Amino acid sequence: MSAPTGEPTMPQPVTHATPPPAPHRAGGSASLRTLVENGDFAAAQDWLVTHQVWEVVDAIDRMGAVDAVAAFRLLPSDRAFDVFEDLEPSRQQAVLEVMRGAEFSAFVDSLDPDDRARMLGELPAKVARRVLEGLSPSERTMTATLLGYPEDSAGRYMTPQVVVLHERLTVAAALARVRERGADAETVYTLPVVDAERRLTGVVELRELLLTDDAATVADLVVTHPPRVRATEPAEAAARLMADSNVRDLPVVDAEDRLLGLLTFDDADEVIEEAETEDAARQGGARRWEGHYMAVSVLQLAGTRAVWLVLLLAVSLLTVTVAYGFEEALEEVAALALFIPLLIGTGGKVGTQASSACVRALAIGEVRPSDIARVTLREAGTGLLLGTGLGVLAIGAGLFFAGLDVAIVVGVSLLLICLLGALVGGISPLVARRLGIDPALVSAPVVTTVVDVLGLLIYFVVASLLLGI
């Protein structure tokens with residue numbers, strides 16, 4: 001139970017090995033958050049050792065900072081490292097701030113260099129400096145090297161702890177090297193092969209070594225010219241290359257093709273997840289928030305959305321300006337106002353569909369900015385087909401509600417608006433990429449707003465021409 005006054009009682013770290021699953025106590029079905037909030041640390045410890053690491057990570061990320069630290073301190077030391085590496089940066093910071101002395105140094109020293117470097121990039125300068133000071137000289141050197149690469153580059157995500165082989169080694173000698181150095185490496189599935197100057201000549205899979213006669217040489221098994229990436233290139237591009245080439249680990253090299261490390265599949269998955277999360281937020285007209293959704297405050301969530309909404313509201317006022325400019329036309333043919341929501345809503349959806357398809361195609365490499373002419377033709381054709389079909393349906397609706405003259409205006413306008421939406425939605429991401437802007441920034445909300453304004457203008461111009469108003 002928590003103390004009646006003052007600060008809540010903080011559980012002390014558990015340093016023994018993971019015990020076998022404990023029998024469920026009363027309330028064993030309660031969530032970790034409930035157990036910690038109620039001060040039932042014994043039951044919380046049982047929960048932590050009887051659930052998978054990913055379940056523990058998710059539960060701690062959902063909790064407030066104080067309760068998250070309390071729960072983490074109950075973890076056995078051999079599980080704490082695995083959980084910590086997958087926690088949200090805000091939770092990592094909270095955990096580090098309560099550690100002291102030898103415990104702190106031992107903990108940060110045990111983290112993988114690439115995970116540690118990315119964590120430092122998220123931490124406040126004061127906490128990051130304390131982490132660096134707590135590292136051993138060798139670990140500090142590796143971490144400083146990774147921090148020297150640009151943020152979000154392959155160099156920040158690679159692991160320098162790899163087992164390197166030379167072509168002249170026999171299979172027996174290569175396996176002996178793996179056994180000797182594999183414990184300190186993050187992965188041994190893919191083994192880079194280098195020459196005397198550490199230039200990458202190829203890779204060999206551990207499976208091939210295990211299934212080959214000991215007298216054979218690495219040169220007999222090496223896969224030359226494997227996919228590789230420069231350390232300064234974007235990590236997302238490297239992760240996409242791994243997916244396209246279907247490799248488990250990707251060699252990372254410098255400008256002279258010297259081996260620096262490997263980008264592992266789990267880090268590549270993290271890169272893709274982060275990129276897709278950010279794109280999803282931007283396509284929805286928001287900034288990405290830091291931390292778990294369930295742990296982020298309502299104020300923070302509102303803040304991630306407010307700026308874009310204000311900007312879009314300002315741009316949307318143009319639709320009011322357009323409608324005001326054709327006020328006389330609306331007064332003369334009042335039925336025109338009935339179809340404004342239908343037209344701008346349909347045009348916005350056509351634009352959003354085209355934009356989403358193009359952003360995805362850019363992300364996975366199916367489309368490049370140089371393909372803008374072909375994309376324009378494809379989207380123009382798509383827009384015309386959709387506009388023709390929807391226009392016919394709109395004419396039917398117009399006949400029912402307003403009459404033939406207005407129905408024709410609505411049908412023709414919808415055809416042109418669908419064409420406009422497809423073109424704006426399909427071309428905007430390509431233009432943005434060419435200008436060095438994230439395509440997701442000009443996706444759904446921006447495209448919808450632009451199509452709304454221009455679509456309304458098209459509608460009133462067509463009405464003026466066809467109805468003579």
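Q: In which loop does Arg198 lie?
A: This is a predicted model, in which local features need pLDDT of at least 70 and side-chain atom pairs count only at pLDDT 80 or more, while totals for chains, interfaces and linings use all residues. Residues are numbered from 1 along each chain as its sequence is written, and side-chain values use heavy atoms, with hydrogens and water left out. Helices (H or I, at least four residues) and strands (E, at least two) are DSSP runs numbered from the N terminus. On that numbering, Arg198 is placed in the loop between strand S2 (190-194) and strand S3 (200-205).

Q: Is Arg198 buried, partly exposed or exposed?
A: The backbone of Arg198 has a positive phi, near 65°, in a residue other than glycine. Buried means under 20% relative accessible area, exposed means over 50%, and partly exposed lies in between (1.4 Å probe, protein chains only). Because its relative accessible area is 35%, Arg198 is classed as partly exposed.

Q: What is the relative accessible area of Asn246, and which class does that give?
A: Asn246 is found in the loop between helix H15 (235-245) and strand S6 (249-253), and has a positive phi of about 55° although it is not a glycine. Its relative accessible area is 69%, so Asn246 is exposed.

Q: How many helices and strands does the protein chain have?
A: The protein chain has 469 residues, of which 42% count as buried. Contact means heavy atoms within 4.5 Å, and among contacts between residues at least 6 apart in sequence, 67% join residues at least 24 apart. The secondary structure of this chain comprises 22 helices and seven strands.

Q: Which elements do the buried residues of H2 pack against?
A: Helix H2 (residues 41-50) is mostly covered, with seven of its ten residues buried. These are Phe41, Ala43, Ala44, Asp46, Trp47, Leu48 and Val49. Their packing partners are helix H1 (32-37), H3, H4 and H5.

Q: What distance separates the C-alpha atoms of Asp46 and Leu75?
A: Asp46 lies in helix H2, and counts as buried because its relative accessibility is 14%. Asp46 and Leu75 are 29 residues apart along the chain, and the separation of their C-alpha atoms is 9.7 Å.

Q: At what angle do H4 and H6 pack?
A: Axes are lines fitted to C-alpha atoms, for helices over the stretch in contact, and angles run from 0 to 180 degrees between N-to-C directions. For helix H4 (residues 65-72) and helix H6 (residues 89-98), the axes are 9 Å apart and the packing angle is about 65°.

Q: How do the residues of the contact of H4 with H6 divide by class?
A: Ala, Val, Leu, Ile, Met, Phe, Trp, Tyr, Cys and Pro count as nonpolar, Asp, Glu, Lys and Arg as charged, and the others, Gly among them, as polar. From H4, Ala65, Ala68, Val69 and Phe72 meet Arg91, Ala94, Val95 and Val98 of H6. The residues of this contact divide into seven nonpolar, no polar and one charged.

Q: Which residues is Gln161 in contact with, leaving aside its neighbours within four places in sequence?
A: Gln161 lies in the loop between helix H11 (154-157) and strand S1 (165-166). Its relative accessibility is 16%, so Gln161 counts as buried. Leaving aside those neighbours, its contacts are Asp112, Pro113, Glu139, Met142, Asp184, Ala185 and Glu186.

Q: How many disulfides does a search of the whole structure find?
A: Cys358 counts as buried because its relative accessibility is 6%, and Cys418 counts as buried because its relative accessibility is 0%. A disulfide is a pair of cysteine sulfur atoms within 2.5 Å. Across the whole structure, the number of disulfides found is zero.
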